[in-house]
Amino acid sequence: DIGSTEIIAEELQMVVDDQGGAHAFWYDGQGSQIYHATWNGQTWSAARPILSTPNGRVEQLASAAANGRLYLVWRDSETGLHFSQAEADRSSEWSTPQLLLEDEKAAGAPSIHAATNGRILISYAVPLNEERGIYLLQSTDSGDSWSDPRRVFDGSAAEWQLVDSPRVTMTNNGQYHLLWTHRSLPPDGAPVALAYSRSEDKGQTWSKVETVVENPAVWSRLLGVDEYIVHRLWAEESNDRMAIWHDISMDGGLNWAGATQVTGLDGGTEPAVAVDAGNRPHLLALDNGRLKDIIWSDERWTSSDDLTVPFSPGGNLSAAGDRQI
């Protein structure tokens, strides 16, 4: 239990730093403050506000950790995407928030990946209008400076109605991988399909867009592991439940094994994924009052013992693995 508050907490994010310390981030329901708490192996610290938005509201948040540092990117409702960082052992001292894009208030749904070589990738979506698409920002110096944005996918040219929810990752061979969602127009905004592309030249060019699934994917995640292994996970609604699907590539996204269903959930809470020190992905999910930990090992998913938890349906689930052990 990190703590409780009368203010509704939104979009919980968790990362583990190089020393094995766990960090949780979230923002309040009013959207003006980002909060942080740390786990020392036995207890959680008190929650404290670390960053604020004096003009707009925090609407989306993504986090990463690498090289002894913590990284946050978020969307401000008035000005767009912001970035800040802190040393993991001085996590109360954050850099002045940096506006990543001038005159691009529509940019949102950020995803961030930080590598041990100091390279940081931030993907984001411009959901509507002629500039709609999936974009990529890069830093090669741990976030001190940033490239100009590059449009990876042109939603207007592809005649997609609304572009959303990019997920970016990198494999150890330096390849970039992106997964994102096609949605219908507001007010429905329902998911229509899931797409994927990869880059072998650090984001300069991208492979032909592949349709992963043409069914509504209500949740998705992308994991790069080792030199060439890429995992795609997504959820589809099925008979009032949530079916979790998985596909894996062993050659950096060139070929895929084919989608298989991992499990079914009650659909009240989206699952979370994490990678442990053995580079094994874990799918953690709440289902009818039980916390499930399903582990990818020996080319298959295996369930560990479920844990009964006193959580009501809904809310936000996040997980992070310590890969330094």
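**Exercise 1.** Determine which residue of strand 15 stands opposite leucine 179, and how many bridges join strand 14 to strand 15.

*Solution.* The model examined here is a predicted one.
Step 1. The residue of strand 15 that stands opposite leucine 179 is tyrosine 196.
Step 2. Strand 14 covers residues 176–183, and eight bridges join strand 14 to strand 15 in an antiparallel arrangement.
Step 3. Strand 15 also pairs with strand 16 (residues 210–213), again in the antiparallel sense, over three bridges. Here leucine 194 stands opposite valine 213.
Step 4. Strand 15 spans residues 191–199 and is mostly covered, with eight of its nine residues buried.

**Exercise 2.** Identify the rings over which the charged end of arginine 232 sits.

*Solution.* Step 1. One ring is that of tyrosine 196, whose centre is 5.0 Å from the charged end of arginine 232.
Step 1. Another is the ring of tryptophan 256, with a distance of 3.5 Å from its centre to that charged end.

**Exercise 3.** Classify the pair formed by the rings of tyrosine 71 and phenylalanine 83 as stacked, edge-to-face or tilted.

*Solution.* Step 1. A pair of aromatic rings is described by the distance of the centres and the angle of the planes.
Step 1. The count of aromatic pairs comes to 11. In the pair of tyrosine 71 and phenylalanine 83, the ring centres are 6.0 Å apart and the planes stand at 20 degrees.
Step 2. Ring centres must lie within 6.5 Å for a pair, and planes under 30 degrees apart count as stacked. The pair of tyrosine 71 and phenylalanine 83 is therefore stacked.
Step 3. Because tyrosine 71 lies in strand 6 (residues 69–76) and phenylalanine 83 in strand 7 (residues 80–87), the pair ties together parts that are 12 residues apart in sequence.
Step 4. Tyrosine 71 and phenylalanine 83 are both buried. Together with Trp146 they form one aromatic cluster.

**Exercise 4.** State the order of the strands in the open sheet of four strands, and name the edge strands.

*Solution.* Step 1. The order is 9-10-11-12, and the pairing is antiparallel.
Step 1. Strand 9 (108–114) and strand 12 (150–154) are the edge strands, since each pairs on one side only.
Step 2. On average, neighbouring strands of this sheet are turned by 20 degrees against each other, direction ignored.
Step 3. Strand 11 (residues 133–139) pairs with strand 12 over four bridges in the antiparallel sense. The bridge partner of leucine 136 in strand 12 is arginine 150.

Definitions and conventions: Residues numbered from 1 in each chain as written. Predicted model: local features only at pLDDT ≥ 70, side-chain atom pairs only at ≥ 80, totals over all residues. Heavy atoms only, no water. Pairing = 2+ DSSP bridges. Helix = DSSP H or I, 4+ residues; strand = E, 2+ residues; numbered from the N terminus. Axes fitted to C-alpha atoms, helices over the stretch in contact; angles between N-to-C directions. Phe/Tyr/Trp six-rings, centres within 6.5 Å; stacked < 30°, edge-to-face > 60°. Buried < 20%, exposed > 50% of the residue type's maximum accessible area, 1.4 Å probe, protein only. Lys NZ or Arg CZ within 6 Å of the ring centre and 35° of its normal.
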